[in-house]
Amino acid sequence: MKILKKVFLIIAILLILLCIGGWIYYNSLKPIYSGNIKLKNLEKETTIYFDDYGIPHIYAQNKTDALTALGYVHAQDRLWQMELIRRIAPGKLSEIFGEKMLQTDQFFVSLGIEEASKKTIENLNKNSDSYKLANAYLEGVNQFIKNGTTPIEFTLVGVKKEPFQLNDIYNILGYMSFSFAQAHKTDPLLSILKEKLGEDYLKELNIDIDPNTTLIKNSKHNVETFENMVSSIDQIMDKMPVSPFIGSNSWVVSSKKTSTGKVFFANDPHISYSQPSVWYEAHINTPNYEIYGYYLAGVPFPLLGHNRNYAYGLTMFENDDIDFYKETNHPTDSLKYKTPKGYENYKTTIKTIKVKDQKDVKITVKKTRHGPIMNNAIENITQSEPISMSWIFTTFNVDVLKALYTISNATKMEDVKKGASMIYAPGLNIMYGDVKGNIAWWATGKLYKSKPHVNRKFILDGSTGEDDPIEYLDFSENPMAENPKWNYVYSANNQPDSIASILYPGYYLPEDRAKRIVQLLEPKNDWNKNDFKKMITDNVSVNSSEIIKILTSSIQTESLTENQQKSLQILQNWDGSNTTKNIASTIYSKWIYLYLENTFEDELGKTLFNQLLKTHIIKRVISNQIKKEESIWWDNVETVDKTESRSQILLNSFIETINSLENQLGEDILNWNWGKIHTLEHPHPLGTIASLRSIFNVGPFEASGTIGVIDNKSYEFTDSGIYNVFSGPSTRRIIDFSDIENSISILPTGQSGNPFSKFYKDQAEMYNKGEFRKMKLNKQEIISTSTKLTLLPTNE
């Protein structure tokens, strides 16, 4: 009995010690938000106040110390996110995730981002402020890596912490630039449609083909190559462990249209949801500098920002800065390809990709005068049909980091414009407003012209030079507006006016959001902050009512069942809003998918149809196609004994919609609420493991909004009837220059990427409800709501 008691006592002691050890380890993983920390290479004592949402307010005596402090706290809250995003461009995801990321690594090492980063760094002015401050930021990051706690993800995955270098920053910006692009999804797909279906079908999609265009001759190999290319790129981008950029809204209203007589600024970039969310907020204050900024992981200068004098933000321009070329191999020498000057040698590089628990993989990257050959980078593409990719980002020496420094350190509007002119890629709309009453927007990007016969939405002929760019435009010819007479500027990724006498090629989104923004802005001249709060969370679809009128005109109600008639009446009475309680949204979204499926899948087949659904083209097609009473697409090619009309397709789709919803949600229409099937969950890379999902993921939540409204929530069109939101507003910012200290914002989840931090998901419920919090600038208010962390210089 005594032995048994001793055994129980030992077990109890071990359990207590285990609990104590676990508690100590758990607390050791938390970020440090108060106390004193010694840092090397710090000139003066620096104070960081973490406010009630975990946002650091850095008070330093100089910019160098401020950037060192920023690097340290950024790494403390987001080191895992920083680690993942720096691994993408150089192809190092397989090193930690294994073979499942090998295709992704092969693709990105072939793009040439790493080489472009190296070239840019070689040409940097080592005495410039931007260079020195970037290195100060890295100093802070690396001191946390050396002395700070190791995030739990590193332990679970088995990753060793390694110092960050300048090339990591440039590689991150290179990945960001590529994630803005749409050509890799669209150009090969349109080339397939042209080869497979012919020009008449493409014209009905409003894809213009000049009769003089040099078209690649039909070939079964071509079609197979393009199909595999689209499919593989879709798979690669779907696997990305960090957020790609999608679209955005922004508008700036001049003092003449506000109740306060001061400028109002709004911005909500649309980015794929993730945990942690993409932006890290930080406020920096020195004796001669102040900025409240939104930072990408691993980047020292903010992409969005404001202070007491000016505000800037961004949306995606959606211009076409990538072209694909079909190259021609030498008939007998596989090392050569055809150029306008004869045959030249491919430039080749051997790349080594480390794969977890496997042997290293070596791939050969071949490069032409246009850019890298994509065949080796993408699986299942024939080597006899080489496809090269020409991208502005790797064609020119692009220093996005210096541009961001210039914009975030501006003292006047012309400085921001200068910074915008330095961004050759990606294409952005830089939005601007200031305390003096100025408003503006500038489209960034190195734009160019081709010969009249060239349609850059298709894969071009690389052998003759006839499809190459013939002129690069000066920044002065880019779209822009400065203090326009209509007293507001806006962007919603829609087509800009003509540029240099042409409508510039791009992958612009339909006018839905733009139309709603103008509809709200134009008539009103007394805007205030509350009005902006309502507008930035507006979820009304302006195009749905017009589409529904066409639908109802195609339906004879006497032939409908009771539920079909009720559903039709709900659509007819709908105001276009998309709240979680709304029923019309559920009916409309299902019907839109089935209308698209019944219109396009018979010609395309399921695979190509699903690929088309992932492009911006389909968003423009929804409204354009339904307005066409006569169209080659309406006929179902699989029915040989009849020719279908628009009214038949729409009626059949509507009946299928109601039958499907009855099966999915029951026959009681009152239970068909939008929030039941339209949900948002913020995914962490480790949340794919079922046992870790509840620890790392945030949500799910019932979500308002939908595709094509200001509160833009994107989801994949599928037949499931479940709409899992994957992208939307990455922040909602409203800057009020009449009351700058009470400007407001929100993040989708929280400031910290550390799951043990109280700031990991403290904003998630607020975000989902359309609520806001302050972006604090008042020092006394900051101190009263914050914990204090002091950074002390040391020479140890």
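Helix axes here are lines fitted to C-alpha atoms over the stretch in contact, and angles run from 0 to 180 degrees between N-to-C directions. Helices (H or I, at least four residues) and strands (E, at least two) are DSSP runs, numbered from the N terminus. This is a predicted model, so to speak of local features we need pLDDT of at least 70, side-chain atom pairs count only at pLDDT 80 or more, and totals for chains, interfaces and linings use all residues. Residues are numbered from 1 along each chain as its sequence is written, and side-chain values use heavy atoms, with hydrogens and water left out.

Helix packing, to start. H6 (residues 129-147) and H13 (residues 400-408) pack at about 100°, their axes 10 Å apart. The two are therefore roughly perpendicular, a label for angles of 65 to 115 degrees. Asp 129, Ser 130, Leu 133 and Ala 134 of H6 are in contact with Leu 401, Lys 402 and Tyr 405 of H13, contact being heavy atoms within 4.5 Å.

Next, strand E5, residues 264-272. Nine of its nine residues are buried, so the rest of the structure largely encloses it; buried is under 20% relative accessible area with a 1.4 Å probe, protein chains only. Strands pair if DSSP finds at least two bridges between them. E5 runs antiparallel to E27 (residues 733-736), with four bridges, and Phe 264 has Asp 736 as its bridge partner there. Three bridges join E5 to E26 (residues 727-729), again antiparallel, and Ser 272 is partnered with Ser 727.

Last, side chains. Leu 70 touches, among others, Ile 58, Tyr 137 and Pro 300, leaving aside residues up to four places away in sequence.

Methods. Buried < 20%, exposed > 50% of the residue type's maximum accessible area, 1.4 Å probe, protein only. Parallel < 35°, antiparallel > 145°, perpendicular 65-115°, else oblique.
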